[in-house]
Amino acid sequence: QYSPDSVAGADGEVDPTEVTFPGCSCRSSSCAPPACPCLRRGHNYSGPRLEPALQQQQQQQQQQQQPFCRPVFECNSLCRCGEGCQNRLVQRGLRLRLQVFRTPRKGWGLRALQPVPGGSFVCEYAGEVLGSAEARRRILARAPEEPNYILALREHLHDGRVMETFVDPTRVGNVGRFLNHSCEPNLFMVPVRVDSMVPRLALFAATDISAGEELCYDYSGGFRNLPGASREDRPREEENSLRKPCYCGSRTCASFLPWDSSLFSTP
C-alpha cells in the first residue's frame, strides 16, 4: 500500500501523526530566528537546500569538539505562519520526478529524471513506525532470502541516552523503499520533526545529481555521522552467512551491506 507519509504500525505503539508540539505565533509568511520558537528548538534550513547549512554546522562542531548535531524542527499544523514559510519543506512532500527501475544486480532501484542540486530535499523514507519489540519480531520472522526494509534510526542525545525509531515500508510505504545502499552515497538522511518527537526520515542530495543517476544512501547512516556514531557491529564469523553482499560498485565498497546484530537478537 502506497503512503507518502509514515503511519502507525500494526502494534499501535507509536503514532507519527499525533500533534504534540505547540505551534508558533509568527504572523509573517516566513518565520525567522531567533523570534520563532520552532527555529529556536534546533537547526533550521538554509532556504530549500540543507547541505550548505549542515556543512557550516559540521565545521562548528569540529572547532568546538562537539560530537552531536542539533535537531531539525519544521513549523507544524498548529503554527500561524503561512504555507510559504521557508521552515516547511519535508512536510510538503515529494517535488522531484523520480523513477523506479530495474538494476542489473541490486533488484529495484530509484533514479532522478531531472538534475538535483546538492542540498535539495529528495524524498522521505516512509512506512509503518514500529516499537522495538515489533521491529525485532518482524526481523526474526523474515526468511534469509527475503529483503529487509526495516530501518532503525538511532539518535544520540547529549546526556547519553539513545532514541530509537523503527520504520518498516514492507507493507505500507513510499518510493523511498526502493533506494539502494552505496558505500559512496549521493544522498544523506536527516531526521526532521514536524508535529511530534517522531521524526520524518528525510533524504537530501549530498552533491549535485545528474538526471538518470541512481539515488543511494548509506544504510548505516555513516555519511553524516562523526566517527563512532554508527552502531554497526563487526559480525561474528557465524553471522557472516546472514549478511548480504554489496553490489554498489564504489571504490570503497565494504563487500557487505551494513550489519546491525541488535535487530537480530532479543533484548
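The points below cover the basis of the model, its strands and its cysteines.

1. A word on the basis: this is a predicted model, where local features need pLDDT of at least 70, side-chain atom pairs count only at pLDDT 80 or more, and totals for chains, interfaces and linings use all residues. Residues are numbered from 1 along each chain as its sequence is written, and side-chain values use heavy atoms, with hydrogens and water left out.

2. Strand β3 (residues 98-102) runs antiparallel to strand β4 (residues 108-112), and 5 bridges join them. Two strands count as paired if DSSP finds at least two bridges between them. Arg102 stands opposite Trp108 in β4. The hairpin has 5 residues between its strands, and Gly107 in the turn shows a positive phi of about 75 degrees.

3. Next, the open sheet: its 4 strands follow the order β2-β10-β11-β5, and the pairing is mixed. At the edges are β2 (72-73) and β5 (121-124), each pairing on one side only. Within this sheet, β10 (residues 187-193) and β11 (residues 200-205) pair in the antiparallel sense over 6 bridges. Val190 faces its opposite number, Ala202, in β11.

4. Finally, the cysteines. With a disulfide taken as a pair of cysteine sulfur atoms within 2.5 Å, the count comes to 0. For Cys26, the nearest cysteine sulfur is that of Cys31, 3.7 Å away. Cys183 is in no disulfide either, and the nearest cysteine sulfur, that of Cys248, is 3.9 Å away.

Note on methods: Helix = DSSP H or I, 4+ residues; strand = E, 2+ residues; numbered from the N terminus.
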